[in-house]
Number of protein chains: 2
Amino acid sequence: MTQAPVRILGIDPGSRSTGFGVIDLYGREAVYVASGCIKTIPKDELAGRIGIIVHHIGEIIDTYQPVQAAVEKVFVNVNPAATLMLGQARGAAVAALVLRDLPVYEYTALQVKQAVVGKGKAAKEQVQHMVVEMLKLSGTPQEDAADGLAVALTHALRYKTLSGQKSALNIKRGRLQSLS
Amino acid sequence: MTQAPVRILGIDPGSRSTGFGVIDLYGREAVYVASGCIKTIPKDELAGRIGIIVHHIGEIIDTYQPVQAAVEKVFVNVNPAATLMLGQARGAAVAALVLRDLPVYEYTALQVKQAVVGKGKAAKEQVQHMVVEMLKLSGTPQEDAADGLAVALTHALRYKTLSGQKSALNIKRGRLQSLS
């Protein structure tokens, strides 16, 4: 590995749980760094829930020092109150990223599934399975953590395409270490 | 005025414009400090829009040093995409408040209208008019700025009730100075 890695933080915001995944991109190779999820308590007040998200994402950035961030475009729920809470969680997550001057890239769930599984209609379990395969993980990350890693991998594939390199990723074995 | 004032920041989040108002509460008297609105460009990317909100609210807090914050509970729109954007703007605004350790109080539009106009079905113009009357302003603040001041005044009335004092506010004449 002659190149310095590009460290990518992937975020999958949710109203109750925000998944995250950190990977290093060494030229054509992606290596697992960390993943986990940030849980908020639905009955807590909004400020408390927003505080948990923004402080934890800040901590993750301080710990792992990513240079790029990828965020999943959230699903617009049929329930307006749920959509509002999802929006609030996502706004707080993006605020934490921009406050630390990270460039933010957005990908729809469809783009993530197509990039990771190869088809847009993939089930959650297939995303989890492919993340384990692609990063050669020794364990299966929790669903939201896998979604965080999946959006980071989506960006890695796009980033490589954007930078004119081959888009096929070579992925190094990584040890699964969950932050939470 | 023997007491140190309680400085309150009121925020009315919106998907395109976030109104704010700052007032000082001296015992039973409320004095206008500042108001304005933070506008984002709808065609800009989310990270840019979130950045404008979170940086500007941070700047307002650093400039005016409020000790309490009141945020209007947003209207859940029938359009899910609009509700999501409203949620994102609100999440970013609350993130900026909690990152500076401000206690956050929430009031519904109904509570704000009842507190300021005296009835829950008041029009926007009535809120504007009553804010001018209550703070004895020399000019009429822009609609979103008036909503920011209205939510700050709502909290002031509640705060006084909570602290066991008379809830009738005596409001000092203030000069209208818009930050933006």
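I started with Gln88(A), which is buried at a relative accessible area of 4% (buried is under 20%, exposed over 50%, partly exposed in between, with a 1.4 Å probe and protein chains only).

Ground rules next. I am reading a predicted model, where local features need pLDDT of at least 70, side-chain atom pairs count only at pLDDT 80 or more, and totals for chains, interfaces and linings use all residues. Residues are numbered from 1 along each chain as its sequence is written, chains are lettered from A and ligands numbered from 1 in the order written, and side-chain values use heavy atoms, with hydrogens and water left out.

**Gln88(A)**

I found Gln88(A) in helix α2 (residues 80-99) of chain A. Helices (H or I, at least four residues) and strands (E, at least two) are DSSP runs, numbered from the N terminus. What does Gln88(A) contact, leaving aside neighbours within four places in sequence? I listed Leu46(A) and Ile50(A) from its own chain, then Gly87(B), Gln88(B), Arg90(B) and Gly91(B) from chain B; contact means heavy atoms within 4.5 Å.

**Chain B against chain A**

Those chain B contacts sent me to the interface. I noted 25 residues of chain B in contact with 25 residues of chain A. The size of an interface is often given as the accessible area lost when the parts come together. Here the two chains bury about 2000 Å² between them, 78% of it on carbon and sulfur atoms (area lost on being put together, 1.4 Å probe, summed over both parts). I looked for salt bridges between chain B and chain A and got zero; the cut-off is a side-chain nitrogen of Lys or Arg within 4 Å of a carboxyl oxygen of Asp or Glu. Four residue pairs are in polar contact across the interface, both residues at pLDDT 80 or more. A polar contact is a pair of N or O atoms within 3.5 Å; within protein, one must be able to donate a hydrogen and the other to accept it, and residues adjacent in sequence count only if both atoms are side-chain atoms. On the chain B side, the elements giving two or more residues are α1, α2 and β5 (104-108). α2(B) gives the most, with 14 residues.

**Helix α1 of chain B**

I checked the length of α1(B), residues 46-64: its 19 residues at 1.5 Å each should span 27 Å, and the end C-alpha atoms are 27 Å apart, which agrees. The expected span is 1.5 Å times one less than the number of residues. Buried residues of α1(B) include Leu46(B), Ile50(B), Ile53(B), Val54(B), Ile57(B) and Ile61(B). Their cover includes α2 and β5 of chain A, along with β1, β2, β3 and α2 of chain B.

**Gln65 in chain A**

Is Gln65(A) buried or exposed? I have it as exposed, at 54% relative accessibility. Gln65(A) sits in the loop between α1 and β4 of chain A. A polar atom of its side chain lies 2.9 Å from the backbone oxygen of Asp62(A).

**Strand β1 of chain A**

Six of the seven residues in β1(A), residues 6-12, are buried. β1(A) pairs antiparallel with β2(A) over seven bridges (pairing takes at least two DSSP bridges), and Leu9(A) stands opposite Val22(A). β1(A) also pairs with β4(A), in the parallel sense over four bridges, where Ile11(A) partners Val71(A).
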